[in-house]
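Work through the exercises below with the model open. Each task is followed by a solution in steps.

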Amino acid sequence: MIEVRGLRKRFGPVLAVDDLTFDVRPGTVTGFLGPNGAGKTTTMRMILGLDAPTGGTATVLGAPYGRIPAPMRAVGALLDAGAVHPRRTARDHLLCLARSNALPRRRVEEVLGLAGLTAVAGRRAGTFSLGMSQRLGIAAALLGDPGVLIFDEPVNGLDPEGIVWIRTLMRDLAAEGRTVLVSSHLMAEMALTAGHLIVVGRGRLIADTAIDAFVRPGEVLVRTPDAAVLAPALTAAGARVRAGEGGLVVGGMATEEVGRLAAAEGAVLYELTALRASLEEAFMELTRESVEYGVLDGAAR
Ligand SMILES: Nc1ncnc2c1ncn2[C@@H]1O[C@H](COP(=O)(O)OP(=O)(O)OP(=O)(O)O)[C@@H](O)[C@H]1O
């Protein structure tokens, strides 16, 4: 469990994080979503005790990160995959971390396997591609077998196979009852991984919602020459009907039900289409204002 309460961070004139309050619960992947510069990394750094908040608190398992005994066993994080000594091999990097955190040596081989790095464990980290570095960062995060995991843009630099791997890994970790917070600026990516969403824009909380609730209930587009018959029948059956999109737009009724009712009324249908707002659209709509203000700010400087 991660608890963020009234969290703020100011960098000079920039209020990077502005009064954020949210919980991250175990058992599901929580997506931390927002456009570039929304304050995701800064929030994660404060949760991990790497930046001091200007105001508010962030706790992990009930305590500020700095007061957690054996933090690597409690919290694993991938923030900056490049933060590895380039001349050290992947295995030595993990062995160093294991030693300094009193973790067993055998765990190093386990996480190398989990991250798909066994074959390249003897190679220097400096020769790694971005994708391999991401995998090494994830191996390090898993080293202490922690109950809480924090990943900042983990799919960055991964190839398609790597992206599928990380999605599956995050879902498996959550299914084991762990708390998993993962940031992204890509709604589509989150839609495939997360069960819950925290959406931020310009440092402020925009939405804290189950992913299913994030999609507006779909509407159905009906093109028919018999609108005069069908529209009142739909309304009488409890649907909301308006004209638009070149036909009738029906809300509050499933496509199948609209089709059945049209058949019963003898209405000819030219088209019957489910209009489902995509998650991407829902995200754009939610964050549009915060992005626009960003552009205005930039122009004013
Ligand atoms: N150390 C710093 N000094 C000054 N400003 C900073 C610092 N770190 C972040 N910022 C500013 O704070 C704001 C939030 O940045 P942050 O990196 O947290 O956003 P983000 O949502 O993680 O974005 P991205 O997806 O681009 O990484 C930005 O305006 C950024 O320029």
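This is a predicted model: local features need pLDDT of at least 70, side-chain atom pairs count only at pLDDT 80 or more; totals for chains, interfaces and linings use all residues.

Residues are numbered from 1 along each chain as its sequence is written.

**Exercise 1.** Determine how strand β6 is covered and which strands it pairs with.

Solution. Helices (H or I, at least four residues) and strands (E, at least two) are DSSP runs, numbered from the N terminus. A residue is buried if 20 or more other C-beta atoms lie within 10 Å of its own, exposed if 12 or fewer, and partly exposed in between, with C-beta atoms placed from the backbone.
- Step 1: β6 spans residues 148–152, and five of its five residues are buried.
- Step 2: In a regular strand the side chains alternate between the two faces of the sheet. In β6, V148, I150 and D152 are buried on one side, and L149 and F151 on the other.
- Step 3: Strands pair if DSSP finds at least two bridges between them. Strand β5 (residues 75–78) runs parallel to β6 and is joined to it by four bridges, with V75 opposite V148.
- Step 4: Strand β7 (residues 179–184) is also parallel to β6, over five bridges, and its V180 stands opposite L149.

**Exercise 2.** Is E219 buried or exposed, and which residues does E219 touch?

Solution. 
- Step 1: E219 lies in strand β10 (residues 219–223).
- Step 2: E219 counts as buried because it has 23 C-beta neighbours inside 10 Å.
- Step 3: Contact requires C-beta atoms, placed from the backbone, within 7 Å. Not counting residues up to four places away in sequence, E219 touches V249, V250, G251 and L275.
- Step 4: L275 is 56 residues from E219 along the chain, yet their C-alpha atoms are separated by 5.0 Å.

**Exercise 3.** Which elements give two or more residues to the shell around the ligand?

Solution. 
- Step 1: The shell (C-beta atom, placed from the backbone, within 6 Å of the molecule) includes F11, V14, G37, K40 and H185.
- Step 2: The elements are β2 (14–24) and α1 (40–47); α1 gives the largest share, three residues.

Definitions and conventions: Two residues are in contact if their C-beta atoms, placed from the backbone, lie within 7 Å.
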